Amino acid sequence: MSDSRKILLVDDHELVRFGVKTMYGELMGYKVEWIEAGSLQEAIDAYAAHGDIAAVLLDLNLADCKGLQGLRMFLQAHPKARVAVFSGTQDEFVIRQARALGAVGYVGKSTMMDQMRETLTALLFPNGVAEVRGPAPSSALFPRFPSSAMYDRVAELGPRHLEILELVLSGCTNQEISNSTNLSLGTVKNYVSSLLLALDVRSRSHLISLFR
């Protein structure tokens, strides 16, 4: 077994990347080899170039993608990758949506060092290591928040509805959503209407206000 693990760190701020690399050069006795990328496309290319990346930390705010679209696009390119969202937000909606889209963890930029170390360890060693018996608990990979009826409804949405919802919350018009998803304008309108019904909200503006 190799005594090192590779993590792909995707963030467009060089200082953030430097700080993470400096603080977490070793986990559970294993050296961490950090691969860096400053954009989504760089990340997709870097993952393809390295065949042994154990995990990916993916920032949500990159110049060449919007929000969780980056997560979706990365997993479309590399469906077997273990990708964790790397973000400063503590919005439970974003975290649950990322999980529904295939993220295996959430690493908060504002968490305490010990907590981030615990999350990174759980991310790198999902089945445990010699020093830690048993698989990592899900609580180490995803922070827990008080449940609410709205978030429970969101968790039940399918992938396409989640995609449309994120674009609506990003402020996109129906036409912009149609262009982004290659769906017809009529189909987009049907998706938006079904979202309003599923989430029990009166209007598009009402929906957006609930997640601000």
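Before anything else I noted what contact means: heavy atoms within 4.5 Å. Helices (H or I, at least four residues) and strands (E, at least two) are DSSP runs, numbered from the N terminus. Axes are lines fitted to C-alpha atoms, for helices over the stretch in contact, and angles run from 0 to 180 degrees between N-to-C directions.

**Entry: ground rules**

I am reading a predicted model, where local features need pLDDT of at least 70, side-chain atom pairs count only at pLDDT 80 or more, and totals for chains, interfaces and linings use all residues. Residues are numbered from 1 along each chain as its sequence is written, and side-chain values use heavy atoms, with hydrogens and water left out.

**Entry: the sheet**

I began with the sheet. Two strands pair if DSSP finds at least two bridges between them. I found an open sheet of six strands in the order β2-β3-β1-β4-β7-β8, with mixed pairing.

Next I looked at β1 (residues 4–10) and β3 (residues 30–37), which pair in the parallel sense over seven bridges. Within this pair, R5 stands opposite V32 of β3, and L8 stands opposite I35 of β3.

Then I checked β2 (residues 26–27), which runs antiparallel to β3 and is joined to it by two bridges. L27 has Y30 in β3 as its bridge partner.

**Entry: two turns with a positive phi**

β2 and β3 form a hairpin with two residues between them. M28 sits in that loop. Its phi is near 55 degrees, a positive value in a residue other than glycine. M28 is partly exposed, because its relative accessible area of 27% lies between the cut-offs (buried is under 20% relative accessible area, exposed over 50%, partly exposed in between, with a 1.4 Å probe and protein chains only).

I found another case in N182, in the loop between α9 (174–181) and α10 (185–198). N182 is not a glycine, yet has a positive phi of about 65 degrees. Is N182 buried or exposed? It counts as exposed, at 71% relative accessibility.

**Entry: helices**

I saw α1 (residues 14–23) lying across β1, β3 and β7 (83–87), and running at about 170 degrees to β3.

For helix pairs I kept this in mind: two packed helices are described by the angle between their axes and the distance between the axes. α2 (residues 40–49) and α3 (residues 69–77) pack at an angle of about 25 degrees, with axes 10 Å apart. That makes α2 roughly parallel to α3 (angles under 35 degrees count as roughly parallel). Which residues make the contact? L40, A43, I44 and Y47 of α2 meet G70, M73, F74 and A77 of α3.

**Entry: one buried glutamate**

E163 counts as buried, at 12% relative accessibility. Leaving aside its neighbours within four places in sequence, E163 is in contact with R72 and T181.

Terms used:
Angles under 35 degrees count as roughly parallel, over 145 as roughly antiparallel, 65 to 115 as roughly perpendicular and the rest as oblique.
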